[in-house]
Amino acid sequence: MGFRLPVIVQSKKAIRRAMSTPISSNIPKGHLAVYVGETERKRYVVPISYLKHSFFQSLLSKAEEEFGFDHPTGGLTIPCTEEDFIDITRSLNCS
């Protein structure tokens, strides 16, 4: 599965904006915060290395379709259930 360059460029802009918020001061270097959930959003801190995996790329594409990259909260919001997100990140940790 390939990914489009504009998605990566827009993702970088959203990530930089999210990393510049005051809440970002407690995020370890090499990680980023994402918000996950369909109704209540929960914050997760994930390694930046996840961005290169196709599973995570599909989540970013889904986020772009639903929210675009100019989300009012300033954070990167991923529209899926917490259970699905945990399953995906668990599989990324194993690979």
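Three strands form an open sheet of mixed pairing, in the order 2-1-3; two strands count as paired if DSSP finds at least two bridges between them. Strand 2 (42-47) and strand 3 (76-78) are the edge strands, each pairing on one side only. Between neighbouring strands of this sheet the average turn is 40°, direction ignored. This is a predicted model, in which local features need pLDDT of at least 70 and side-chain atom pairs count only at pLDDT 80 or more, while totals for chains, interfaces and linings use all residues. Residues are numbered from 1 along each chain as its sequence is written, and side-chain values use heavy atoms, with hydrogens and water left out.

**Overall make-up**

- The protein has three helices and three strands; helices (H or I, at least four residues) and strands (E, at least two) are DSSP runs, numbered from the N terminus.
- Along the sequence, these elements follow the pattern α-β-β-α-β-α.
- Of the 95 residues in the protein, 37% are buried; buried means under 20% relative accessible area, exposed over 50% and partly exposed in between, with a 1.4 Å probe and protein chains only.
- Among contacts (heavy atoms within 4.5 Å) between residues at least 6 apart in sequence, 51% join residues at least 24 apart.

**Strand pairing**

- Six bridges pair strand 1 with strand 2 in the antiparallel sense, and tyrosine 35 stands opposite arginine 43 in strand 2.
- These two strands, 1 and 2, form a hairpin with five residues between them, and glycine 37 in the turn has a positive phi of about 140°.
- Strand 1 (residues 31-36) runs parallel to strand 3 and is joined to it by three bridges.
- In strand 3, leucine 76 is the bridge partner of valine 34, and threonine 77 is that of tyrosine 35.

**Helices on the sheet**

- Helix 2 (residues 54-67) packs on the sheet and touches strand 1, strand 2 and strand 3; its direction makes about 100° with that of strand 3.
- Helix 3 (residues 82-94) lies across strand 1, strand 2 and strand 3, and runs at about 10° to strand 2.
- For these angles, axes are lines fitted to C-alpha atoms, for helices over the stretch in contact, and values run from 0 to 180 degrees between N-to-C directions.

**Core and buried positions**

- The largest nonpolar core has 16 residues, of which Val34, Val36, Phe56, Leu59, Ile78 and Phe85 touch the most other members; such a core is a set of buried Ala, Val, Leu, Ile, Met, Phe, Trp, Tyr and Cys residues joined through side-chain atoms within 4.5 Å.
- Strand 1, strand 2, helix 2, strand 3 and helix 3 each give two or more residues to this core.
- Not counting residues up to four places away in sequence, valine 36 touches residues including Tyr44, Ile78 and Phe85.
- Glycine 75, in the loop between helix 2 and strand 3, is buried, with a relative accessible area of 13%.
- The C-alpha atoms of glycine 75 and valine 34 are separated by 6.4 Å, although these residues are 41 apart along the chain.

**Salt bridge**

- The structure holds one salt bridge, defined as a side-chain nitrogen of Lys or Arg within 4 Å of a carboxyl oxygen of Asp or Glu.
- This salt bridge links the side chains of arginine 90 and aspartate 87 (3.8 Å, N to O).
- Both arginine 90 and aspartate 87 lie in helix 3, three residues apart, about one turn of the helix.
- Aspartate 87 is partly exposed, with a relative accessible area of 44%.
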